[in-house]
Structure formats: structure tokens, C-alpha cells
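Let's take a friendly walk through this model, one neighbourhood at a time. Keep the sequence and the 3D view open as you read.

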Amino acid sequence: MSRVQRLLDAVRKLHEATPELMAYAPWPDDLSAQQVMPHPCPVAQTMGDRKLPGSRSTRPVIQALRAATPDLEWRQTYSEAEVGAEFLQTYGYVELFGPGGHFRSRKLRGYIGFWGPGLTYDWHAHEAEELYFTLSGNAVFCAHGAPNVMLRTGQARAHHSNQPHLMVTLDRPYLAYAVWRGAGMEGLPKMVAS
Ligand SMILES: [Fe+2]
């Protein structure tokens, strides 16, 4: 089994064992492995040194992510003009499954995203509906029409279609598993005015 397959397996086990994730979307039954070339980013190169304690239930995903990191296609959707150089040094994500992921699915899109401490992921929005599930660390989430919340390891937060949202990380790195469902699943987030 490849390291990326092991990561998928760990995410599947977490997803299937987490009622909030299963209620949001069942684990996709149409996954097929894709040929995706590894692509590093600064975060990937330091992933082994990052303090990501997680919890008992999220630790297998964190361990599998560390192991698979060299084989993953790390992405950064935004340009330096949009988010600044520091953000790009300490942020990156992987589309594990979905329309363009390591495993193809037309039913659900699943990401793992990493943000370093002290970052503001400014107001952005996307057509797809989204559920964030915290794998390690904590972050403050703000969204139009919803109360601000501090999301801790093991906690989830949903955003509806085109709902602008913002995230602030605090004194430790933040690692999340996020799923997208519904219309616009193949799209990208865009920065929006607050
Ligand atoms: Fe989002």
C-alpha cells in the first residue's frame, strides 16, 4: 500500500468514526486512484518538525500525513499579492480526494490544510458547502451571519454556499480536514471584501 493510500485509509477511518462527518456526507464510494505528481511547498518541507499533537482519534491521520507528505501535491490557491509572503511560507493544502485529487471522486471533495501560528486567512467564499474538522490546534472562525467560534481539535464548523468566512490561527499550528459537497465542488475559494 502506498503512503498516500495509507493516508486515505486513515482519513476514511476517522471520517467513518465521526458522526458529525458522516451526517454531513457519507464517505464517497466512487474513489479511484489518480496519477498525481508530488508537488512540495514550504510547509511540506517542514511538516516533520511541526508540533501537531492532535488527539487520540486524529493522530493516525497526522502520522500518515507526515509520512505521505513527500508524495503529495501541495497547493496554494492564492498569490502573494492576495495573501502576502508570510502566509505562503506557512500555509498549504492537499486535495486528497475530489475532482482533481489524489483519488478521484465526483461525490465529495476532501482536503487536508495546514496553517502556521499567527495567521489570518482573510475573508473568502466558495460555492460549495463546506465542513471543517480540526485535526490539531485551534483557530477562531468568523462567518457572515454566524457567531464567532474557537474551533478546537475534534470540533467541526460548517459554511454554507457562498458564505464569506475568515479564520485566525493562534499560538500553534492548525491542521484541518475539510470536505466540500454540492454545487461548485470543483471550484476554488476566492477572496472577498469583508
Ligand atoms: Fe472555506
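Predicted model: local features only at pLDDT ≥ 70, side-chain atom pairs only at ≥ 80, totals over all residues.

R106 counts as exposed, at 66% relative accessibility. Here buried means under 20% relative accessible area, exposed over 50%, and partly exposed in between, with a 1.4 Å probe and protein chains only. R106 lies in the loop between β4 (103-104) and β5; helices (H or I, at least four residues) and strands (E, at least two) are DSSP runs, numbered from the N terminus. Setting aside neighbours within four places in sequence, R106 is in contact with D30 and M185, where contact means heavy atoms within 4.5 Å.

Residues are numbered from 1 along each chain as its sequence is written, and side-chain values use heavy atoms, with hydrogens and water left out.

**The iron site**

Which protein atoms are the donors of the iron ion? They are H126 (NE2), E130 (OE), E130 (OE) and H165 (NE2), lying 2.1 to 2.5 Å from the ion. Donors are N, O and S atoms within 2.8 Å of the metal (3.2 Å for Na, K and Ca), and sites may look incomplete because water is not among the atoms. The angles among the 4 donor atoms run from 55 to 143°, and the site is irregular.

Along the sequence, the donor residues follow the spacing H-x3-E-x34-H. H126 lies in the loop between β6 (120-125) and β7, and H165 in strand β11 (residues 165-169), so the pair ties together parts that are 39 residues apart in sequence. H126 and H165 are both buried.

Strand β11 also holds V168, which is partly exposed with a relative accessible area of 24%. Beyond its neighbours within four places in sequence, V168 is in contact with L119, T120, A139 and V140. In the loop between β10 (156-159) and β11 sits N162, a residue other than glycine with a positive phi, near 60°. N162 is partly exposed, at 47% relative accessible area.

**Aromatic rings**

How many aromatic pairs does a search of the whole structure find? There are 15. Rings of Phe, Tyr and Trp (its six-membered ring) pair if their centres lie within 6.5 Å; planes under 30 degrees apart count as stacked, over 60 as edge-to-face and the rest as tilted. Two of the pairs are set out here.

| Pair | Centre distance | Plane angle | Class |
|---|---|---|---|
| F87 and Y91 | 4.8 Å | 40° | tilted |
| W115 and Y121 | 5.8 Å | 25° | stacked |

F87 and Y91 are buried. W115 is buried too, with a relative accessible area of 4%, and Y121 is buried at 5%. Ring pairs link these residues into a cluster whose members also include Y78, Y93, Y111, Y132, F141, Y174 and W180.

Y91 belongs to strand β3 (residues 91-98) and has a relative accessible area of 2%. Not counting residues up to four places away in sequence, Y91 touches C41, V43, Q76, T77, Y78, F114, W115 and L119.

Elsewhere, R181 lies over the face of Y24, at 3.8 Å from the ring centre. A charge sits over a ring if NZ of Lys or CZ of Arg is within 6 Å of the ring centre and within 35 degrees of the ring normal.

G137 lies in the loop between β7 (129-136) and β8 (139-143), yet counts as buried, at 9% relative accessibility. Among its contacts beyond four places in sequence are R152, R172 and Y174.

Helix α4 (residues 59-68) has V61, I62, A64, L65 and A68 as its buried residues. They cover an arc of only 165° around the axis, which puts them on the same side of α4; the arc is that of the directions from the helix axis to the C-beta atoms. An α-helix has 3.6 residues a turn, so residues three or four places apart point the same way. The buried residues of α4 pack against α1 (3-17), β2 (74-75), β5 (109-115), β7 and β12 (174-181).

Technical notes:
Tetrahedral: all angles 85-135°; square planar, octahedral: opposite > 155°, others 65-115°.
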